[in-house]
Amino acid sequence: PWPWYLVLVAGCGGGFVRLGPGEYGQVGAMAGRPKAKEAARAALALDDELADAHLALGMVKLRFDGDWQGAEPGFLRAIELKDSDAATHYMYAIYLMALGRFDDALRQVKSAQDVNPLSPSIHFNLGLLLYCSRQYEEAIEQLEGTLAVHPGFALARLILGLALLQKARFGLAIEQSERAL
């Protein structure tokens, strides 16, 4: 049980990362980076067992510093401290997917789904992972399932169009791509 302000400070670190170019593009990288890093480090200085702060610092290293190798310990420590956090598994899965470590990424996405089975982002991420690992039929099935529940999820529809294109289903690929726009 941490004092409420530690959770707030750690959350600010993650918030500045998400507000930056990676997610929402509301804060420029140069403005968001020092604030995110400062908030994460301040929280860790007060309590080294705050999972959100480790996640935020890992994300800062990945997205702002380009320190891919240095980012992974932050993700792993956050999972070690708070395995029940879907966002941590989700972000780590994206990191692993970018490295081409698809089997590891799949385990992380499944862990995120176990914790938060209703998240459209997590369902989409699984579809994207299947697409990136060239499992096109599985990606199509996953993305169609995501869109059945969240029909307005344009990015899921776009990746579905790309997966359909890979399977030479050109008419459906064009239809889905146009609907995404």
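Q: Is the crossing of α4 and α5 left-handed or right-handed?
A: The model is predicted, so local features need pLDDT of at least 70, side-chain atom pairs count only at pLDDT 80 or more, and totals for chains, interfaces and linings use all residues. Residues are numbered from 1 along each chain as its sequence is written, and side-chain values use heavy atoms, without hydrogens and water. A crossing is left-handed if the near helix is turned anticlockwise from the far one by less than a right angle, and right-handed if clockwise. For α4 and α5 it is left-handed.

Q: How do α4 and α5 run, roughly parallel or roughly antiparallel?
A: Helix α4 (residues 68-81) and helix α5 (residues 86-98) pack with axes 10 Å apart, at an angle of about 150 degrees. Because angles over 145 degrees count as roughly antiparallel and those under 35 as roughly parallel, α4 is to α5 roughly antiparallel.

Q: Which residues of α5 does α4 meet?
A: The α4 side consists of Trp68, Ala71, Glu72, Phe75, Leu76, Ala78 and Ile79. Contact means heavy atoms within 4.5 Å. The α5 residues met are Thr88, His89, Met91, Tyr92, Tyr95, Leu96 and Ala98.

Definitions and conventions: Axes are lines fitted to C-alpha atoms, for helices over the stretch in contact, and angles run from 0 to 180 degrees between N-to-C directions. Helices (H or I, at least four residues) and strands (E, at least two) are DSSP runs, numbered from the N terminus. Angles under 35 degrees count as roughly parallel, over 145 as roughly antiparallel, 65 to 115 as roughly perpendicular and the rest as oblique.
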